[in-house]
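Please look at the sequence and the structure together while reading this explanation.

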Amino acid sequence: MATTEVLAARLDALQAEVHKQEAETNTFYLLWAGGLVFLMQAGFATLSAGSIRQKNVKNILLKNVLDACMGALTWYFIGYGFAYDSDGANANGFIGRNGKDFALAGASASDTVAHVNGTDWVAWYFQFAFAAAAATIVSGAVAERCALSAYLIYTCFITGFMYPVVVHWVWDESGWLSAFNPNATLTGCVDFAGSGVVHMTGGWSALVGAKIIGPRLGRFESPQSFEGHSTPLVIVGTFLLWFGWYGFNPGSTLAIHGGSYGRDAARACVTTTLSAASGGVAGLFLKKYLPERLGGTNIWDVGHTCNSLLGGLVGITAGCSVTTSNHAVLVGVLSAIVYHIGSCTVRKLRIDDPLDAFAVHGACGLWGLLAVGLFAHKDYSYAPAEGHSLRFDDAGADLGPDAGLLMTGTR
């Protein structure tokens, strides 16, 4: 009997140690992924610096640094609290209101397992990196003519309120658009890593900002005078962003142990790569061979190719975990077309967007959400949530998750 008790105690201790190591590995996984996402700030800064005139480089680099600094403080004090809500039955579908997340009050005073393993701390850090990315998207659209003081006000507003509210809608379990909410509108929104939440929010904000501020003097009268001054910086910035996307998309599993996290993260890496590559190649040939009246230039355009590649990354971000590799290639090609149409439309409307922030992030972000509705694979889908009325047929049988409109398993 004593031997049995000793063995049982050792087994319990071993299980506890395994659970502890799994939790700590998951924490490290998010630390790694968050680091890659934060590196995207360097990518945005480098890309922005190369895409504008040399005389304004210091100004836009300072704005990128302040995006990270002001974004961190605003996200800490109020943004994170508005984004997530663990208040259970009393949670709000529109905005978070859990006092424990404002200034990390709950984490700082907690002795829970999540606190001991770092889970609650690393969750704030990982989500901050996303918030900073959403804010930085706008800096390129208002480059060379936005006052620094006004830009700081905008940064605080988008990181402290606007972006957190959208996060709550889609990523919090109580959000009215969340695919994890059994009571979500329709089936909820499958936006795995943020085509809509991050990129569309930043991209459409960029469009509004560029329209309100107006174009740079002479921008449409003498466009050749406003070309970016450094192609190498554009290339390096594009590669830094692509590299950072391997934290952005796979890291959105939020863990590597348990369930299908490892499988989904690996698939997200593959689909992210294929969509980016196909977007870049498609954009290269579109710009070269389309007639001039459709936006073609008959040259191999480096900037357009880089932006098409980034459009492919944005387009796959929502569905990176629910899309097959073949469809990822198609998403990338169509993202390049969407980017091209968005870029031409903005210029036609005489809206001055130096980095094509709207076309890359706003237009391709919207396309990314639509692509999920077309190409989501039933075996990888996670909407509607368990308990949602649309999961069940008339006989009460559970139909499981839904698939994209062009896929088998669609209701």
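Contact here means heavy atoms within 4.5 Å. The model is a predicted one, in which local features need pLDDT of at least 70 and side-chain atom pairs count only at pLDDT 80 or more, while totals for chains, interfaces and linings use all residues. Residues are numbered from 1 along each chain as its sequence is written, and side-chain values use heavy atoms, with hydrogens and water left out.

We begin with T323. This residue lies in the loop between helix 10 and helix 11 (325–348); helices are DSSP runs of H or I with at least four residues, numbered from the N terminus. Leaving aside residues up to four places away in sequence, T323 touches R267, T271, I316, A328 and F375. Because its relative accessibility is 3%, T323 counts as buried (buried means under 20% relative accessible area, exposed over 50%, and partly exposed in between, with a 1.4 Å probe and protein chains only). The side chain of T323 also reaches the backbone oxygen of G319 at 2.6 Å.

The next topic is a pair of helices. The axes of helix 9 (residues 261–289) and helix 10 (residues 302–317) come within 7 Å and cross at roughly 145°. Such axes are lines fitted to C-alpha atoms, for helices over the stretch in contact, and angles run from 0 to 180 degrees between N-to-C directions. On the helix 9 side, the residues that meet helix 10 include T271, G279 and K287; among their partners in helix 10 are H304, G312 and I316. By class, this contact has five nonpolar, 10 polar and one charged. Ala, Val, Leu, Ile, Met, Phe, Trp, Tyr, Cys and Pro count as nonpolar, Asp, Glu, Lys and Arg as charged, and the others, Gly among them, as polar.

A second pair follows. Helix 7 (residues 195–213) and helix 12 (residues 357–375) have axes that come within 7 Å and cross at roughly 140°. Helix 7 is therefore oblique to helix 12, since angles under 35 degrees count as roughly parallel, over 145 as roughly antiparallel, 65 to 115 as roughly perpendicular and the rest as oblique. Helix 7 contributes S195, H199 and W204, among others, and helix 12 contributes residues including F358, H361 and L369. This contact has eight nonpolar, eight polar and no charged residues.

Finally, A16 belongs to helix 1 (residues 2–51). With 45% relative accessibility, A16 counts as partly exposed. A16 and R293 are 277 residues apart in sequence and 66 Å apart in space, C-alpha to C-alpha.

Definitions and conventions
Helices (H or I, at least four residues) and strands (E, at least two) are DSSP runs, numbered from the N terminus. A polar contact is a pair of N or O atoms within 3.5 Å; within protein, one must be able to donate a hydrogen and the other to accept it, and residues adjacent in sequence count only if both atoms are side-chain atoms.
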